[in-house]
Amino acid sequence: IDENVPVDAPGVDDSTIRVGGVASTTNPIGGKEGESFEGVHAYFEFMNSQGGVYGRDLELVAEEDDNTGFENTQDIQSLLTQDLFAVLPVATLDFSGAELLVDANMPTFGWNINEEYALGDNLFGIRGYLCFTCAQPLLPWLARETGSTTIGVLAYDVPQSATCAEGIQASFDTYPTAEVGFLDASLPYGIPDLSAQVRDMKAAGVDMIATCMDFNGAITVQQEARRQELDAIQYMPNAYDYDFLEENGDLFEGSYVLTQFVPFEAEDPPPSMDTYLEWIDEVGGTVGELSLSGWIAADMFVTGRRATGPEFSQQGVIDGLNQLTDYNAEGLIPPLDWTVEHTGDSGRACSALSIIEDGAFVPQFGEPGAPFICFDTEAAELPEEPEVSA
């Protein structure tokens with residue numbers, strides 16, 4: 001029943017529901033976080049073409065730019081002074097303003113690369129619960145699968161990156177399929193010379209490099225590895241980007257790229273992928289991880305909104321989404337159990353891996369219609385083969 005009933009809530013009138021977001025649209029490392037706004041616009045256009053949600057159109061009316069990437073508190077303060085029902089998207093390098101959103105009990109949806117999303121049950125990240133220092137099975141399994149024996153780990157000297165390196169070490173301590181032969185988590189952003197690190201990795205016999213770095217850092221280390229003839233593949237959790245691929249595909253031939261959503265190249269993707277591709281083109285947006293993150297953030301918001309029925313409130317949207325045990329953005333991401341994802345993982349970790357081959361991302365290890373490989377994070381040992389899942 002698509003019924004429009006009177007509602008007394010911030011950001012709502014008889015015909016619209018208004019939201020605003022913040023992204024590191026301009027930032028010091030050249031990230032594309034601003035594309036998350038495109039994904040929200042595309043999703044809202046799609047929904048509004050069908051009459052909106054319970055007779056109200058969705059509008060993204062505020063787009064704050066956290067232009068340093070690390071100071072979004074004032075942007076969030078600005079959003080909280082405006083007449084908004086929810087905050088989305090959030091796609092920032094840092095999430096220092098998270099506590100403000102928790103204190104305001106503002107429904108918030110975003111691209112979570114930040115552990116602060118665990119501060120409140122009103123904060124919904126498209127990746128679910130994050131723990132950078134926790135042991136995870138995926139990378140040790142990939143090392144075993146590729147025959148890698150010695151891992152080199154590089155990270156920046158900022159918490160988000162350095163704790164990622166801790167997590168890699170913890171993963172191989174828990175699942176010792178290979179040895180971490182070199183680890184340096186003291187690198188400054190923008191470091192131009194990694195010759196010493198590559199020299200030491202070569203001396204240690206490193207045959208897989210795992211970076212907790214941006215594109216520039218990954219490129220710097222790979223260029224130096226080629227110069228010093230270090231024969232090592234890279235595992236990159238943040239490199240699924242077509243501009244990066246076009247410019248550097250040859251350099252990274254044979255390296256692995258992580259996604260926690262269905263890769264665009266996956267065989268037999270869910271119908272929702274075609275919908276995203278159609279509407280991101282309709283609004284003139286860019287196909288990529290960040291615009292897809294905005295699309296998924298918008299879908300989470302609408303899912304919570306629909307769960308409340310025609311009469312709704314901010315708390316109702318929060319409660320509606322937190323009752324769901326299998327939210328998956330209509331197949332675009334592995335299922336999230338929102339009854340537990342705010343404070344811990346569900347015991348099951350799923351993601352997709354692609355290899356860079358001949359200038360293309362080529363999905364690996366999954367099956368048609370089931371691109372994710374999943375692990376039991378509570379198991380003491382790695383399985384022979386992970387579960388394959390949609």
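Buried means under 20% relative accessible area, exposed over 50%, and partly exposed in between, with a 1.4 Å probe and protein chains only. The model shown in these views is predicted: local features need pLDDT of at least 70, side-chain atom pairs count only at pLDDT 80 or more, and totals for chains, interfaces and linings use all residues. Residues are numbered from 1 along each chain as its sequence is written, and side-chain values use heavy atoms, with hydrogens and water left out.

**View 1. Alanine 86 in strand 3.** Alanine 86 counts as buried, at 0% relative accessibility. Its strand covers residues 86-91. Helices (H or I, at least four residues) and strands (E, at least two) are DSSP runs, numbered from the N terminus. Setting aside residues up to four places away in sequence, alanine 86 touches Arg18, Val19, Gly20, Met106, Pro107, Phe109 and Phe301. Contact here means heavy atoms within 4.5 Å. Glycine 11 lies 75 residues from alanine 86 along the chain, yet their C-alpha atoms are separated by 7.9 Å.

**View 2. The largest nonpolar core.** This core has 70 residues. A nonpolar core is a set of buried Ala, Val, Leu, Ile, Met, Phe, Trp, Tyr and Cys residues joined through side-chain atoms within 4.5 Å. The residues with the most contacts inside the largest core are Phe44, Phe85, Leu88, Phe109, Trp295, Ile296 and Phe301. Helix 10 gives the most to this core, nine residues. Leucine 88 is in contact with Val19, Gly20, Gly21, Val40, Phe44, Leu60, Phe109, Ala297, Ala298 and Phe301, leaving aside neighbours within four places in sequence. Another core, of 26 residues, lies apart from the largest one and includes Cys164, Ile168, Tyr235 and Leu258.

**View 3. Helix 10, residues 289-306.** The helix has 18 residues. From first C-alpha to last it reaches 25 Å, close to the 26 Å expected at 1.5 Å a residue. The expected span of a helix is 1.5 Å times one less than its number of residues.

**View 4. Helix 7 and its cover.** Helix 7 has 13 residues and reaches 18 Å from its first C-alpha to its last, close to the 18 Å expected. Its buried residues include Gly217, Ala218, Ile219, Thr220, Val221, Gln222, Glu224 and Ala225. Among the elements covering the buried residues of helix 7 are strand 6 (150-156), helix 6 (195-204), strand 8, strand 9 (233-236) and helix 8 (242-248). Glutamate 224 has a relative accessible area of 11% and is buried. Beyond its neighbours within four places in sequence, glutamate 224 is in contact with Leu194, Ser195 and Val198. Glutamate 229 follows the helix, with a positive phi near 60°.

**View 5. The disulfide of cysteine 164 and cysteine 212.** The S to S distance is 2.0 Å. A disulfide is a pair of cysteine sulfur atoms within 2.5 Å. The link of cysteine 164 and cysteine 212 is left-handed, with -70° about the S-S bond. Cysteine 164 lies in helix 5 (residues 159-174) and cysteine 212 in strand 8 (residues 208-212), so the pair ties together parts that are 48 residues apart in sequence. Cysteine 212 is buried, with 7% relative accessible area.

**View 6. The disulfide of cysteine 350 and cysteine 374.** The sulfur atoms of this pair are 2.1 Å apart. The link is right-handed, with 115° about the S-S bond. Distant parts of the chain are linked: cysteine 350 sits in strand 11 (residues 348-357) and cysteine 374 in strand 13 (residues 372-376), 24 residues apart.

**View 7. The disulfide of cysteine 131 and cysteine 134.** Here the sulfur atoms are 1.9 Å apart. The link of cysteine 131 and cysteine 134 is right-handed, with 80° about the S-S bond. Cysteine 134 counts as partly exposed, at 31% relative accessibility. The structure holds three disulfides. With bonded cysteines counted along the chain, the pattern is 1-2, 3-4, 5-6.
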